[in-house]
Amino acid sequence: MKTNSKPFINGFEYAWANISLAVNGVIINGITSINYSKTHEAESLYGIGNVSIARGVGNHVYEASITLQRSEVVALQQAARAQGLVDADITGLLPFTISVSYNGDQGQVPVTDVLLNAQFLSNNIGTAQGDTSIEVEIPMIISHIEWGSL
């Protein structure tokens, strides 16, 4: 079997340490996780027999979630209050853009994914005895993703 005599392209892969995240252009430092995906609905269509004869396609479905330190959630709640949401409910914030940048700090090609028309779907908190920090996972709805802007 032939082996790759040059196992490193540039020596480093993208890592969490290379990520920066901005909401409407404002860098968020207290993020501990970001997840986003696009799924294209498709199904096999059947006619006579038991083998599919065609494929039907449907919607593109986008999903996202973010995990933030409690202090970042408090800042978002203050922004909600500034937008006139008296109960500081972040689910009422106007749609916003999230830019996730994978910086080329160690030779990688810098790339940015942009999540458009994001809105939070819940305003929640949970903590337990012994926690040294409070992380809040918040599901989001997004309209679409611009993958890999350079």
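Q: What makes a pair of side chains a polar contact?
A: A polar contact needs a pair of N or O atoms within 3.5 Å, one able to donate a hydrogen and the other to accept it. In this predicted model, the side chains of Ser122 and Asn124 make one at 2.6 Å, so that pair falls within the 3.5 Å cut-off.

Q: Where is Ser122, and which residues is it in contact with beyond its neighbours within four places in sequence?
A: Ser122 sits in the loop between S6 and S7. With those neighbours set aside, its contacts are Ile90, Thr91, Ile138 and Pro139. They count because contact means heavy atoms within 4.5 Å.

Q: Why are the buried residues of H1 said to line one face of the helix?
A: Start with who they are: Glu72, Val73, Leu76, Gln77 and Ala80. Look down the axis of H1 and they fall within an arc of 145°, so they line one face. That set packs against strands S4, S6 and S7. Over on the other side, Ser71, Gln78 and Ala82 are exposed, which means over 50% relative accessible area for each.

Q: How do you know what span to expect for H1?
A: The rule is 1.5 Å times one less than the number of residues. H1 runs over residues 70–82, has 13 residues and reaches 18 Å from its first C-alpha to its last, close to the 18 Å expected. Gly84, with a positive phi near 95°, follows the helix.

Notes. Residues are numbered from 1 along each chain as its sequence is written. This is a predicted model: local features need pLDDT of at least 70, side-chain atom pairs count only at pLDDT 80 or more; totals for chains, interfaces and linings use all residues. Side-chain values use heavy atoms; hydrogens and water are left out. Helices (H or I, at least four residues) and strands (E, at least two) are DSSP runs, numbered from the N terminus. Buried means under 20% relative accessible area, exposed over 50%, partly exposed in between (1.4 Å probe, protein chains only). The arc is that of the directions from the helix axis to the C-beta atoms.
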